[in-house]
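Take a look at the structure below, and keep it in view while reading.

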Amino acid sequence: CQFSWVCVTKHQPKVITNKQYEESLAVAKRVFYENYRLPGLTEALYYHATYVRPNWRRWKTKLTKIGLHIFYKEREA
């Protein structure tokens, strides 16, 4: 499962938790239609879950952690 509220089985998404899905949909609409951004994440381009450790994180600047996700921006030259 890529997200906590949905799994894709046989190329068909299956909503697991309607409440989390509705919250995700509302946030996505605000981002898309209203250009909404969290103040601390305006430069965020990358993220990963806390339970993985991708190699690329060493070349990025950590911005913040929200729940089980860590957000990064490009490292300044």
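A salt bridge here is a side-chain nitrogen of Lys or Arg within 4 Å of a carboxyl oxygen of Asp or Glu. In this predicted model, a search of the whole structure finds four salt bridges, and Glu43, Lys73 and Glu76 are linked in a network of them. The table lists three pairs with the distance between nitrogen and oxygen.

| Pair | N to O distance |
|---|---|
| Arginine 30 and glutamate 34 | 3.5 Å |
| Lysine 73 and glutamate 43 | 3.5 Å |
| Glutamate 74 and lysine 60 | 3.4 Å |

Lysine 73, a member of the network, lies in strand 5, which covers residues 69-74, and lysine 73 counts as buried because its relative accessibility is 13%, under the cut-off of 20%. Its salt-bridge partner glutamate 43 is in the loop between helix 1 and strand 3, 30 residues apart from lysine 73, so that the pair links distant parts of the chain. Glutamate 43 is partly exposed, with a relative accessible area of 45%. The side chain of lysine 73 also has a polar contact of 3.3 Å with that of glutamate 76.

Glutamate 74 and lysine 60 form another salt bridge, and because glutamate 74 lies in strand 5 and lysine 60 in strand 4, the pair ties together parts that are 14 residues apart in sequence. Lysine 60 is buried at 14%, whereas glutamate 74 is partly exposed at 37%.

Arginine 30 and glutamate 34, by contrast, both lie in helix 1, four residues apart, which is about one turn of the helix.

Definitions and conventions
Residues are numbered from 1 along each chain as its sequence is written. This is a predicted model: local features need pLDDT of at least 70, side-chain atom pairs count only at pLDDT 80 or more; totals for chains, interfaces and linings use all residues. Side-chain values use heavy atoms; hydrogens and water are left out. Helices (H or I, at least four residues) and strands (E, at least two) are DSSP runs, numbered from the N terminus. Buried means under 20% relative accessible area, exposed over 50%, partly exposed in between (1.4 Å probe, protein chains only). A polar contact is a pair of N or O atoms within 3.5 Å; within protein, one must be able to donate a hydrogen and the other to accept it, and residues adjacent in sequence count only if both atoms are side-chain atoms.
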